[in-house]
Amino acid sequence: MKTSLVTGATGQDGSYLIRKLLSEGRRVCALIRRASTSNMSRLSDLREGIQSNGSELIYCTGDLTDTPSLMRTLGEFEPDEVYNLAAQSDVRLSFDVPEFTGEVDGMGALRLLESIRRLGLTEKTRFYQASTSELFGDVREKPQRETTPFAPRSPYAIAKLFAYWTTVNYREAFGVFACNGILFNHESPLRGENFVTRKITLGAARLRAGLQEKLLLGNLDARRDWGHAQDYVEGMYLMLQQDKPDDYVLATGEQRSVRDFLETVFNKLGYELVWSGTGADEKGKDRKTGRVLVEIDPQFYRPAEVNYLCGDATKAADKLGWSPKHTFDELVDDMLQHDIKQVEREILHR
Ligand code: NAP
Ligand code: GDD
């Protein structure tokens, strides 16, 4: 049985990837960091131990800022694969905690790769690094592909740039089977509530139920290439099953603004947004009632913004046979239906 170690196991992608790996019959070691309150909500339905198909799930404790815990875990399980998904992944927050972000998102990848080397696992352990479209930042080419120059615009992206090149370096210098997945934004009902798509689907569902008065947002004109996380973990898995290690963009190739996302969600709930004002004074009102549903709060602006991301995943399609399965409309429906039910439960438990 092959063993896969997943860091960032409690996050959105970790929880989908663990399910994927268990369905492939793996022994999965899920690395969890210590938290003062439970961080296991996305894994709450997964039982530790042998699963019905013979695969196995093991929870182990570790932290990307703590080399001994990484050495211990890698040494104990000698995994065939490491998927490094752990990160301080909030771009806005990275401006407030830049050093911590660098420690986890940049140095964390180095700690894992160097531990693999020190433990003599370079020929055994394949490594996936969760790289990001944020690397393209102030984009130098449209759409962005593997050969597009990087131009990071945040402490998050700069830390991820270090991790990207560290991954390439361990591949070239030490022969580690190490891959970068340069993933464009991917969302789901399990997305953190601090990210704009989930903030909108959950906020709109609450607003409709009378639990929230309005939605406060930042830059509505930023454009992103949004896919479904379930499709993207399939791509991560495929990268580590190839004959040779390489770096791949995963993206839908479609791009929308935050405003487009908002309008799609509100339309599905029976509202039609009309806009008035400019900049921080802009407001979105319901055409029928005149009620203000959306306002701008400058605290959600970023010191430096990434305005435009749209990916070209041709290489992943050609070499991995990967393409996204969910349409944009299916993604929004999946998130919104989930959040409508979540709000109904919230009301029941009041
Ligand atoms: P996420 O939901 O924020 O999950 C991040 C995970 O990292 C959580 O499990 C978190 O644990 C863990 N973590 C944070 N600091 C840690 C530390 N010091 N030691 C160990 N674990 C730590 O992120 P995601 O959306 O699943 O993304 C997964 C990865 O892909 C991240 O590296 C992200 O930067 C990258 N990425 C994401 C996207 C996207 O659109 N989702 C796109 C490109 C790249 P807690 O639960 O304890 O906080
Ligand atoms: N979070 C947030 N909150 N973003 C807002 C808001 C708001 O209230 N209002 C507008 N935005 C804009 C942001 O300024 C940004 O341009 C866009 O919405 C998307 O923001 P996020 O959803 O926070 O995602 P992100 O693109 O910054 O980062 C995500 O995707 C990256 C891949 O491109 C994260 O998952 C990163 O970890 C990931 O690497």
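Predicted model: local features only at pLDDT ≥ 70, side-chain atom pairs only at ≥ 80, totals over all residues.
Trainee: What is the strand order of the open sheet of 8 strands?

Mentor: Helices (H or I, at least four residues) and strands (E, at least two) are DSSP runs numbered from the N terminus, and two strands pair if DSSP finds at least two bridges between them. Here the order is E3-E4-E2-E1-E5-E6-E7-E12, with mixed pairing, and the edge strands are E3 and E12, each of which pairs on one side only.

Trainee: Which residues stand opposite each other in the pairings of E4?

Mentor: E4 (residues 56–61) pairs in the parallel sense with E2 over 6 bridges, and in that pairing isoleucine 32 has threonine 61 of E4 as its bridge partner. With E3 (residues 49–50), E4 runs antiparallel and is joined by 2 bridges, where isoleucine 50 stands opposite glutamate 56. The hairpin of E3 and E4 has 5 residues between the strands, and glycine 54 in this hairpin takes a positive phi near 95 degrees.

Trainee: Is strand E16 mostly covered or mostly open?

Mentor: A residue is buried at under 20% relative accessible area, exposed at over 50%, and partly exposed in between, using a 1.4 Å probe and protein chains only. By that criterion, 4 of the 5 residues of E16 (residues 292–296) are buried, and the strand is mostly covered. E9 (residues 215–217) runs parallel to E16 and is joined to E16 by 3 bridges, with leucine 215 partnered by valine 294. E15 (residues 283–286) runs antiparallel to E16, also through 3 bridges, and lysine 283 stands opposite glutamate 295. In the hairpin of E15 and E16, glycine 290 takes a positive phi near 75 degrees.

Trainee: Which residues come nearest to ligand 1?

Mentor: A residue is near a molecule if one of its heavy atoms lies within 4 Å of it. Of the 25 residues around ligand 1, the nearest are Thr10, Asp13, Ser89, Tyr156 and Lys160, and the largest share of the shell, 3 residues, comes from E6. Polar contacts are pairs of N or O atoms within 3.5 Å; within protein, one must be able to donate a hydrogen and the other to accept it, and residues adjacent in sequence count only if both atoms are side-chain atoms. An oxygen atom of ligand 1 lies 2.8 Å from an N or O atom in the side chain of arginine 33, and a nitrogen atom of ligand 1 lies 2.8 Å from one in the side chain of aspartate 63.

Trainee: Which residues are closest to ligand 2?

Mentor: Of the 22 residues that surround ligand 2, the closest are Thr132, Ser133, Tyr156, Arg302 and Glu305. Oxygen atoms of ligand 2 lie 2.6 Å from an N or O atom in the side chain of serine 133, and 2.7 Å from one in the side chain of lysine 199.

Trainee: Why does glutamate 305 count as buried?

Mentor: Glutamate 305 counts as buried because its relative accessibility is 16%. Glutamate 305 lies in the loop between E16 and H9, and its side chain makes a polar contact with the side chain of asparagine 219 (3.0 Å).

Conventions. Residues numbered from 1 in each chain as written. Chains lettered and ligands numbered in written order. Heavy atoms only, no water.
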